[in-house]
Amino acid sequence: MFSNAKFMSSAARPGDFPEDAGVEIAFAGRSNCGKSSAINAITGRRSLARTSRTPGRTQLINFFELGPGRRLVDLPGYGYAKVSEEKRLYWRELIGAYFSGRKSLAAVVLIMDVRHPLKDLDWQMLEHADDLPVHVLLSKADKLSRTEGTRTLAAVRSELSPDASVQLFSAVSGFGVEDARARVATLLHPASG
Ligand code: GDP
């Protein structure tokens with residue numbers, strides 16, 4: 001399913017969102033958390049989402065089609081210090097509009113650098129996700145030893161709602177990529193979808 005992923009459209013305003021039908025999963029995280037790399041690793045498409053550009057530049061919501069009525073949504077990264085107040089407000093409005101009443105939004109994948117998890121803005125994103133299923137990727141796990149990674153995993157898990165799932169992930173080593181793929185595939189096919 002993921003290998004056929006293709007870019008659909010970018011949205012700068014709610015009027016640009018594709019039709020609200022089918023099922024989509026949104027990927028969210030701080031700028032530079034490794035979100036683009038995670039999307040590329042999960043889809044197995046090396047340059048589907050653009051990586052390593054200037055942090056905080058992308059203010060668009062990008063939609064990718066995985067198959068008929070199945071989408072992956074790349075939300076703009078948040079928390080980049082050098083972004084103007086104007087852009088921050090614009091981001092907040094666009095994200096607010098996206099989360100309010102998007103019927104096809106079935107789940108959120110929240111990506112956090114394993115070395116800097118659960119910052120204030122991550123909690124705000126979790127509030128946006130509200131009642132939706134959340135899957136957390138603790139990214140760049142290759143940057144920590146196995147012991148440190150396992151300890152962080154347990155600490156993050158204990159802070160989140162028991163409904164959320166959490167895993168270690170590395171786009172560089174490939175650790176956790178299969179698990180993430182399986183989880184996303186399940187989230188894309190809810191019982192009623
Ligand atoms: P985004 O801004 O959240 O989309 O993040 P990117 O995917 O562009 O990655 C930001 C930076 O982190 C880049 O320099 C990537 O090479 C690096 N990065 C991403 N994933 C990993 C990973 O799994 N391990 C390591 N060591 N670096 C990573």
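Analyst: The account below begins with the sheet and then turns to single residues.

The model is predicted, so that local features need pLDDT of at least 70 and side-chain atom pairs count only at pLDDT 80 or more, whereas totals for chains, interfaces and linings use all residues. Residues are numbered from 1 along each chain as its sequence is written, and side-chain values use heavy atoms, with hydrogens and water left out.

Seven strands make up an open sheet of mixed pairing, in the order 1-3-4-2-5-6-7. Strands (E, at least two residues) and helices (H or I, at least four residues) are DSSP runs numbered from the N terminus, and two strands pair if DSSP finds at least two bridges between them. Strand 1 (6-11) and strand 7 (165-168) stand at the edges; each has a single partner strand, so one side of each is left without a neighbour in the sheet. On average, neighbouring strands are turned by 20 degrees against each other, direction ignored. The axes behind such angles are lines fitted to C-alpha atoms, for helices over the stretch in contact, and angles run from 0 to 180 degrees between N-to-C directions.

Buried means under 20% relative accessible area, exposed over 50%, and partly exposed in between (1.4 Å probe, protein chains only). The C-alpha atom of G67 is 20 Å from that of S36, and the two residues are 31 apart along the chain.

Strand 5 (105-113) is mostly covered, with nine of its nine residues buried. Strand 5 runs parallel to strand 2 (residues 23-29), to which six bridges join it, and it is likewise parallel to strand 6, again over six bridges. L110 of strand 5 stands opposite A28, while in strand 6 its bridge partner is V136. From strand 5 the chain passes through helix 3 to strand 6 in a right-handed β-α-β crossover; right-handed means that, with the strands pointing away from the viewer, the path from the first strand over the helix to the second runs clockwise.

Most residues other than glycine have a negative phi. L118, in the loop between strand 5 and helix 3 (120-129), has a positive phi near 55 degrees and is buried, at 14% relative accessibility. D130, in the loop between helix 3 and strand 6 (134-139), has a positive phi near 50 degrees, but is exposed at 60% relative accessibility.

Q167 is buried, at 8% relative accessibility. Its side chain makes a polar contact with the side chain of H135 at 2.9 Å. A polar contact is a pair of N or O atoms within 3.5 Å; within protein, one must be able to donate a hydrogen and the other to accept it, and residues adjacent in sequence count only if both atoms are side-chain atoms. A polar atom of the Q167 side chain also lies 3.2 Å from the backbone nitrogen of A180. Residues touching Q167 (heavy atoms within 4.5 Å), not counting those up to four places away in sequence, include V136, L153 and D179.
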